[in-house]
Amino acid sequence: MSFLKFEDIDKSFGESNVISKFSLEVEKGKFIVLLGPSGCGKSTLLRMIAGLEKIDNGKILLENNLLNDLLPSKRQIAMVFQSYALYPHMNVFENISFGLMNEKIKKDKIKEKVIEAAKILKIKELLDRKPKELSGGQRQRVAIGRAITRNPKLFLFDEPLSNLDAALRSEMRVEISKLHKKLKSNIIYVTHDQVEAMTLADKIVIMNKGNIEQFGTPEDIYNDPKNVFVAEFIGNPKMNIIKIKKEDIVNKNNLNLFNKIIKFENSNFDEDIYIGIRPEDISLENKSEIAVKITIELIENLGSEKIIYTHLNGTEIRIKSTKNIKDKNITIYLPRNKLYLFDSKKNRIKT
Ligand SMILES: Nc1ncnc2c1ncn2[C@@H]1O[C@H](COP(=O)(O)OP(=O)(O)O)[C@@H](O)[C@H]1O
Ligand SMILES: [Mg+2]
């Protein structure tokens, strides 16, 4: 039995269809990240799980219980939003305990739960402060604390770190990951940030226009993308995708780089194809069969590594390297086993 199951979920707002035939099964105890561009329906899906949005068609089951018509308060689900949603006139203690106050739980028990959550989140010394006396990261901890005290079956996070600055974001990312390991909780976490997805998730759902492009572990998704959309969405800088026209492939006399690649792949193509290679997989030192002379157009120095920009077959290419580069004209090497081929519809061709 799966822990959480979506069966053919449809959702439209007026005429516009946002989610269509969304089906997914999630195991217990997993950290699941919904990753996709802004507007692809992530929040809508989360809100349907929480009961804040009506489901048009299909079923959502939590431990085999149908959620569709259950009141939000009966679902045993806690949601943490990007906007924290704290009450400005209440102190941290009151904000964390807010959900419990409504559940007629004894005062001593509430205090115990709040202190336990505050300890886990390292905000015990802040319990008397008002939200305006807290930093963004501390506010987000309070919002998470409120969710923890409710001891839900399922935590939903909607872009909880988007309002934080970069340093705090990576710190909170680690905290949330530790929290998951400690509480062994079930989490559905929404983000458009691929780094958050890669670092936090047991499994990632890559979404595009209300559909699932791929569902798998971060390793699966990085190493074995099903199509160009997924390949480009994971990895920074994104995977280089070079379009090769059919004419260039069939012209056997034209022994350019791409014919070399195709020859290596030992396949015949009678349509346009796309060749993909990740910036970090292109080498300046380790020689391999496919060598290309390039002229560097720009180098971005990121400190520990550099991003080199050039063009191949009319497409801008990014190369990640730690090497110190003095020459403008260099040779780059594309390892064969790091090449990805995609058909004219941008779906992966396995070779
Ligand atoms: N209440 C609503 N009424 C009309 N359209 C909505 C509503 N909520 C979301 N949408 C639309 O549905 C689409 C998906 O939105 P959303 O789920 O918020 O995307 P995401 O969270 O992935 O950025 C968007 O095009 C958005 O404009
Ligand atoms: Mg959203």
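**Exercise 1.** How far is an oxygen atom of ligand 1 from an N or O atom in the side chain of threonine 44? Then list the surroundings of ligand 1 and its backbone contacts.

*Solution.* The model is predicted.
- Step 1. The threonine 44 side chain places an N or O atom 2.5 Å from an oxygen atom of ligand 1.
- Step 2. Around ligand 1 stand Phe13, Val18, Pro37, Ser38, Gly39, Cys40, Gly41, Lys42, Ser43 and Thr44.
- Step 3. Turn to the backbone. A polar backbone atom of cysteine 40 is 3.2 Å from an oxygen atom of ligand 1. For a backbone N or O atom of lysine 42, the distance to a ligand oxygen atom is 2.9 Å.

**Exercise 2.** Classify the packing of helix α4 (residues 136-149) and helix α5 (residues 166-183).

*Solution.*
- Step 1. Their axes lie 11 Å apart, at an angle of about 20 degrees.
- Step 2. Angles under 35 degrees count as roughly parallel, so α4 is roughly parallel to α5.
- Step 3. The crossing is right-handed.
- Step 4. α4 contributes Gly136, Gly137, Gln140, Arg141, Ile144 and Ile148 to the contact; α5 contributes Leu168, Glu171, Met172, Glu175, Ile176, Leu179 and Leu183.
- Step 5. By class, these residues are 7 nonpolar, 3 polar and 3 charged.

**Exercise 3.** Repeat the analysis for helix α3 (residues 107-120) and α4.

*Solution.*
- Step 1. The axes come within 9 Å and cross at roughly 130 degrees.
- Step 2. Therefore α3 is oblique to α4.
- Step 3. This crossing of α3 and α4 is right-handed.
- Step 4. Lys113, Val114 and Ala117 of α3 meet Gly145, Ile148 and Thr149 of α4.
- Step 5. The α3–α4 contact has 3 nonpolar, 2 polar and 1 charged residues.

Terms used: Residues are numbered from 1 along each chain as its sequence is written. Chains are lettered from A and ligands numbered from 1 in the order in which they are written. This is a predicted model: local features need pLDDT of at least 70, side-chain atom pairs count only at pLDDT 80 or more; totals for chains, interfaces and linings use all residues. Side-chain values use heavy atoms; hydrogens and water are left out. Axes are lines fitted to C-alpha atoms, for helices over the stretch in contact, and angles run from 0 to 180 degrees between N-to-C directions. Helices (H or I, at least four residues) and strands (E, at least two) are DSSP runs, numbered from the N terminus. Angles under 35 degrees count as roughly parallel, over 145 as roughly antiparallel, 65 to 115 as roughly perpendicular and the rest as oblique. A crossing is left-handed if the near helix is turned anticlockwise from the far one by less than a right angle, and right-handed if clockwise. Contact means heavy atoms within 4.5 Å. Ala, Val, Leu, Ile, Met, Phe, Trp, Tyr, Cys and Pro count as nonpolar, Asp, Glu, Lys and Arg as charged, and the others, Gly among them, as polar. A residue is near a molecule or strand if one of its heavy atoms lies within 4 Å of it. A polar contact is a pair of N or O atoms within 3.5 Å; within protein, one must be able to donate a hydrogen and the other to accept it, and residues adjacent in sequence count only if both atoms are side-chain atoms.
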